[in-house]
Amino acid sequence: MAHPVEEKRRRIESRGRIREFIFGIQDGLISTVGLLAGMQACGQPWTHATALATTDSTQAALRRWFATAPPRDLGWRAVAAAKQTAGRGRNGAAWLAEAGEALLLSVGGPLLLAPERWSRLSLAAGLAVRDVLQRRTECELWCKWPNDIVVLQGGPPRKLAGLLCERVGGPCADPLWLCGVGVNVSAAPPDAALNLPACHLREISSTTANLDVLELAIECATAIRAAVDEFVHRGGALDIVRLEQHLAFCGRAVQLDLGVRDGLRWLRLDGLDPSGELRGRWLDHSGEPGEFASVSPLCIAAVSPDA
């Protein structure tokens, strides 16, 4: 018969192996205890968090966590990682990062809001992350519809951060809202891997040499949660005024990817409509504005060089 202490040790090791199977290797540059304590200190209902040295994808890890341990309350969960090997962005784009190069974070949980309004949440979350990052750089940051944070000064648009927001859950389970965040901190992916050149925080700021990634993770997580809570409190209405103040490419011609059926089309971007769709006028082949439009494309594929 095994000694009680030895049996307890085996149980603990077994639970650790299960956690590593679900999430990845534990406790990288961000501390699990520090992450959860920092978020809870803000007075928000966070129930669980985990920090990983490496994982395939923080978004995938959070999905697995909810699948194996469904939520019992309205508390949210967070997964952060120092490195991810199979991260993904919007429209299937890859988001890979080596240890220490980026903030890699996914948060989410239940929402007391009709799911048909959840598609607007990426705009609210993106603006919240933009505000957090703006406090760490002298460069003006902009929201590229629907959920990228970009720098426009000093050359062509460059991507600093991106979000991936998803609704998960089927007909037999309450739906959950997940938001993955990737911020280039000390390095950026090569341009060949992206549809938009990238930059990183230390490149555009003189004050981030000793950036605390744990602090950044806590600020982004709690800012997203606060923005979502405000969105729910407003009944699913967006703060269009603030969004338009920081919307990239307003007044310029943007090429929209409308999918396989409608292809690419140019729009003079004037702003956002109340639902968060892009608002403007279609441009003909000579660049002259035509019909007014409100549209939700797959993405903004290109921007005219004209200011």
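Let's start with Gly280, which sits in strand 13 (residues 278–283). This is a predicted model, and the chain it shows has 7 helices and 15 strands. Of its 307 residues, 48% count as buried. Take the contacts between residues at least 6 apart in sequence: 61% of them join residues at least 24 apart.

**Around Gly280**

- Gly280 has a relative accessible area of 1%, so it counts as buried.
- Setting aside neighbours within four places in sequence, Gly280 touches Leu267, Arg268 and Asp270, along with Glu291, Phe292 and Ala293.
- Arg268 is 12 residues away from Gly280 in sequence, yet the two C-alpha atoms are 5.4 Å apart in space.

**Helix 6 and helix 4**

- Helix 6 covers residues 213–233 and packs against helix 4, residues 121–134.
- The two axes are 8 Å apart, and the angle between helix 4 and helix 6 is about 140°.
- An angle of 65 to 115 degrees would be roughly perpendicular and one over 145 roughly antiparallel, so helix 4 and helix 6 come out as oblique to each other.
- The crossing of helix 4 and helix 6 is right-handed.
- On the helix 4 side, the residues that meet helix 6 are Leu121, Ala124, Ala125, Ala128, Val129, Val132 and Leu133.
- Facing them from helix 6 are Leu216, Glu219, Cys220, Ala223, Ile224, Ala227, Val228 and Phe231.
- Sorted by type, the residues of this contact between helix 4 and helix 6 are 14 nonpolar, no polar and 1 charged.

**Helix 6 and helix 2**

- Helix 6 also meets helix 2 (residues 32–40), with the axes coming within 9 Å and crossing at roughly 40°.
- Angles under 35 degrees count as roughly parallel, so helix 2 and helix 6 are oblique to each other.
- Here too the crossing, of helix 2 with helix 6, is right-handed.
- The contact of helix 2 with helix 6 splits into 6 nonpolar residues, 3 polar and no charged.

- Asn184 belongs to strand 10, which runs over residues 176–184.
- With a relative accessible area of 4%, Asn184 is buried.
- The side chain of Asn184 reaches the backbone oxygen of Cys199 at 3.1 Å.
- Arg252 is in the loop between helix 7 (240–245) and strand 11 (253–257).
- Arg252 has 18% relative accessibility, and buried means under 20%, so Arg252 makes it into the buried group.
- The side chain of Arg252 reaches the backbone oxygen of Ser304 at 2.6 Å.

**Backbone details to look up**

- Phe249 lies in the loop between helix 7 and strand 11, and Arg252 lies in that loop as well.
- Phe249 is not a glycine, but it has a positive phi of about 75°.
- Phe249 is buried too, at a relative accessible area of 3%.
- Pro146 is in the loop between strand 7 (141–144) and strand 8 (148–151).
- The peptide bond leading from Trp145 into Pro146 is cis, and its omega is near 0°.

Definitions and conventions: Residues numbered from 1 in each chain as written. Predicted model: local features only at pLDDT ≥ 70, side-chain atom pairs only at ≥ 80, totals over all residues. Heavy atoms only, no water. Axes fitted to C-alpha atoms, helices over the stretch in contact; angles between N-to-C directions. Helix = DSSP H or I, 4+ residues; strand = E, 2+ residues; numbered from the N terminus. Left-handed = near helix turned anticlockwise from the far one by under 90°. Contact = heavy atoms within 4.5 Å. Nonpolar A, V, L, I, M, F, W, Y, C, P; charged D, E, K, R; others polar. Buried < 20%, exposed > 50% of the residue type's maximum accessible area, 1.4 Å probe, protein only. Polar contact = N/O pair within 3.5 Å; in protein donor to acceptor, adjacent residues only side chain to side chain.
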